[in-house]
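Me: Hi! I'm new to this one, so could you walk me through it?
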Amino acid sequence: MSNSSLVQEGLKKSGDWKYETSAVRKSGIKFGGIKYMSFHIVADSCCELTADMKKRGNIEIAPLTLEVGGESILDDETFDQKDFLRRVKESVAGPKSACPSPDEYMKSYEGDADHVYVVTLSGKLSGSYNSAELGKNLFEEEHPGEKKIYVFNSRSASIGETLIGMKVQECEEAGMSFEKVVETTEKYISSMNTFFVLETLETLRKNGRLTNLKAFIANTLNIKPVMGSTEEGSICQLGQARGMNKALDKMIQDVLAKTKNCENRVLAISHCNCPERAKAVKEKLEKLAKFKKIIVTDTAGVSTMYANDGGVIIAV
């Protein structure tokens with residue numbers, strides 16, 4: 001039996017026949033004399049992977065390094081959210097992050113895939129995008145014409161990167177050319193918006209992004225700012241409310257006001273150690289609008305650093 005037949009039979013028996021295209025593209029094997037172009041997605045560790053993404057296995061995470069309390073923590077599968085949150089709370093100085101080096105990115109582009117797509121944190125928030133681009137240039141200098149690589153500036157973070165990875169996968173599995181995948185995904189990124197509400201402003205205060213006086217007033221009056229992304233990928237304040245529940249309601253109103261054709265959009269929610277809060281936000285959104293799909297994940301390391309305990313992020 002040929003390799004392609006073995007793969008087909010294995011997929012059927014395992015119940016994963018719907019993942020045929022993904023498996024075929026990843027291996028680059030031939031079906032009916034046609035060689036499918038394989039693809040690989042690399043995302044920095046601010047991207048939250050869904051269970052389905054983990055199952056498919058063609059997304060590689062390039063981990064950032066987190067620094068808190070004088071210790072360095074690699075943001076990979078060993079990341080311990082509760083321990084990290086404890087360290088952040090106990091540390092006088094705010095946590096920091098360092099992006100993967102160009103060399104680390106370059107190594108992630110190696111392999112048999114014909115097409116490599118990279119998804120990074122907004123270039124306005126991190127050096128990850130520039131590092132990934134430098135890694136691409138280095139790879140292409142050493143391996144000219146070997147494969148096609150494109151780096152997407154998410155202009156977002158966290159679950160926004162997740163949605164972009166899902167869009168790339170969807171386009172590749174629809175049989176689009178490399179150029180069409182890039183064009184379609186860039187258009188998708190331009191249509192996206194990211195929103196978030198923080199339970200605590202301590203990380204912003206410790207990092208010097210919020211004065212002690214403003215942080216004191218906000219905490220004393222229980223003011224929760226509602227934040228969002230700009231078209232360029234920076235962060236702006238959309239509004240504020242007294243109390244977390246009112247702030248979340250304000251965020252939901254902003255989401256619905258900025259989102260057109262909800263029935264055709266996938267909405268994603270990530271939360272930092274507050275699953276019940278995320279569930280409540282999901283249920284409110286489902287009552288107010290009909291989205292194509294709503295997914296919920298917990299934050300990984302970098303998103304945990306920014307969102308802090310109790311934070312909620314929405315991307316759509």
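Me: Which residues does Y117 contact, leaving aside its neighbours within four places in sequence?
Reply: Y117 touches F39, H40, I41, V42, Y150, F152, V168, E172, F178, V181 and V182, where contact means heavy atoms within 4.5 Å. This is a predicted model, where local features need pLDDT of at least 70, side-chain atom pairs count only at pLDDT 80 or more, and totals for chains, interfaces and linings use all residues. Residues are numbered from 1 along each chain as its sequence is written, and side-chain values use heavy atoms, leaving out hydrogens and water.

Me: And which residues touch the most other members in the largest nonpolar core?
Reply: Y117 again, along with I41, V119, F152, L163, V168 and M192, out of 34 residues in that core. A nonpolar core is a set of buried Ala, Val, Leu, Ile, Met, Phe, Trp, Tyr and Cys residues joined through side-chain atoms within 4.5 Å; buried means under 20% relative accessible area (1.4 Å probe, protein chains only).

Me: What does the second, separate core include?
Reply: That one has 23 residues, among them C262, I269, V312 and I314.

Me: New topic: how many helices and strands are there?
Reply: The chain has 13 helices and 15 strands, taken as DSSP runs (helices H or I, at least four residues; strands E, at least two) numbered from the N terminus.

Me: What percentage of the residues is buried?
Reply: Of the chain's 316 residues, 49% are buried.

Definitions and conventions. Buried means under 20% relative accessible area, exposed over 50%, partly exposed in between (1.4 Å probe, protein chains only).
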